[in-house]
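Please open the structure in your viewer and keep the selection panel at hand.

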There are 2 protein chains.
Amino acid sequence: MHNKTILIVDDEAPVRDMLRIALEMADYRCLEAENAQAAHALVIDEKPDLILLDWMLPDVSGVELARRLKRDELTAAIPIIMLTAKGEEDHKIKGLETGADDYITKPFSPRELVARLKAVLRRAGPSTPEEPLTAGGLVLDPISHRVTINGNPVDMGPTEFRLLTFFLSHQERAYTRTQLLDHVWGGNVYVEERTVDVHIRRLRKALTVDGHERYIQTVRGTGYRFSVQTAERV
Amino acid sequence: MHNKTILIVDDEAPVRDMLRIALEMADYRCLEAENAQAAHALVIDEKPDLILLDWMLPDVSGVELARRLKRDELTAAIPIIMLTAKGEEDHKIKGLETGADDYITKPFSPRELVARLKAVLRRAGPSTPEEPLTAGGLVLDPISHRVTINGNPVDMGPTEFRLLTFFLSHQERAYTRTQLLDHVWGGNVYVEERTVDVHIRRLRKALTVDGHERYIQTVRGTGYRFSVQTAERV
DNA sequence: CACTTTGGTGACAAATATATGACAGGCGCC
DNA sequence: GGCGCCTGTCATATATTTGTCACCAAAGTG
């Protein structure tokens, strides 16, 4: 896996340069945005692993951008570090309230920056959940990377595993194929929507016991939904 | 659902060709305009889903066109991607400020174009309401895309689902068939008015419990109204 | 009551959407 | 290289949905 990508959002070019140099020294990949709109576009397109966000931005304030990002399910998981100037410290609490995961007061040393950043990244950690995910008799243990139904091991390919993981953490919710591609395949891949169907089928096949599969429902005209079928008509 | 329509606005024919080819490969429908005026006309007539707009145009600059489109309520919702040449990068910020949703710097690869475009379209995507809509014992949950009456699942086709969604958010109000076609089917479709009757019937059938349906009333000479029948005459 | 309008229904064929089986390329592993 | 497992795409089979009709019932009209 390549290095983490950090998105720098600041309107002052010298600050961006400084940040970029510090981060690239520490082997991070950097993206830069000068304003909230560009930042938003980059977040969607590039899915950075972390966002360094200046409190003050010319257009929308950084706070507002943070709030927006945290509200959007697609981007909510990305940690945000706020940059606030000395005098703005009062705001830091508010900054945290908006969903930022940490704040750094300017001026700061590159070392401090990198340290904080590492800490936040570590905390956000590998997004693999530690607890087993379950639904009905189905259990997916992220640690051992195993799936069982009523204790019987089930096996499937990597993609199906990721798909199932996603579904288990988002049960009862209908997703379009596009959304599934975004979440399970990861943003900018160019893959046919129909491909989702195929993997759904593979997953269904894997989850079939006694010729029955009680987990994935087709939502016609929309996509799919994962939920344990409560009752079955006979 | 048919494919998205993209409007290409560029004064250089070779560029337009290149774009069109790339887009048609990716199965988008393309419209082309050579100048701002033609573009504006096409936007009104065809309601493209996205506009690819060159920064430099012979008559009005692309920026100006974007600004105009974003100012008009009818067209404001259409995402715009700006094409800027290498040297014009300084302008990109300005481009975003005018209301463009993204920018691409020439030269770019077809893959990048399509990826960006998809991202923008996705972002613009339909915003589903988050809260369940209810009426009497009827509950429609937009998230799970499910309908229940007193807890019992109800099932219906996509059109009926949309129709019900519309009714639930506009209860107690009579709509003509034409209005329903506009709102539920979406403007520019040519569909017989009587078709509404049929879907109303289908929806009624789906909402029938114990031979009774208490939600949709016929407003003779006008159309239909959704409202929970409070009492039932015996 | 005879006659005119307007809405309700069941049947259909065409259009769409989804399920499935097959297949070829990519990749890691002997 | 040969082999086996994954993957993304297709082409094909199935399943649903949809827009229209023709025809019947109900509600107005005079």
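Begin by selecting A:Gln217, which lies in strand β11 (residues 216-219) of chain A; strands here are DSSP runs of E with at least two residues, helices are runs of H or I with at least four, and both are numbered from the N terminus. This is a predicted model, in which local features need pLDDT of at least 70 and side-chain atom pairs count only at pLDDT 80 or more, while totals for chains, interfaces and linings use all residues. Residues are numbered from 1 along each chain as its sequence is written, chains are lettered from A and ligands numbered from 1 in the order in which they are written, and side-chain values use heavy atoms, with hydrogens and water left out.

A:Gln217 has a relative accessible area of 9% and is therefore buried (buried means under 20%, exposed over 50%, partly exposed in between, with a 1.4 Å probe and protein chains only). Next, display its surroundings: beyond the neighbours within four places in sequence, A:Gln217 is in contact with A:Arg204, A:Gly223, A:Tyr224, A:Arg225, A:Ser227, A:Gln229 and B:Arg146 (contact means heavy atoms within 4.5 Å). With B:Arg146, the side chain of A:Gln217 makes a side-chain polar contact of 3.2 Å (a pair of N or O atoms within 3.5 Å; within protein, one must be able to donate a hydrogen and the other to accept it, and residues adjacent in sequence count only if both atoms are side-chain atoms).

Now select B:Arg146 together with A:Glu172. Their side chains form a salt bridge at 2.5 Å, N to O (a side-chain nitrogen of Lys or Arg within 4 Å of a carboxyl oxygen of Asp or Glu). This pair crosses between chains, from strand β8 (residues 146-149) of chain B to the loop between α6 (158-169) and β10 (174-176) of chain A. B:Arg146 is partly exposed at 26% relative accessible area, and A:Glu172 is partly exposed at 37%.

A:Arg177 counts as buried, at 15% relative accessibility.

Finally, select B:Glu32 and B:Arg16, whose side chains meet in a salt bridge of 2.9 Å, N to O. B:Glu32 sits in strand β2 (residues 29-33) and B:Arg16 in helix α1 (residues 13-25) of chain B, 16 residues apart. B:Glu32 is partly exposed at 29%, whereas B:Arg16 is buried at 11%.
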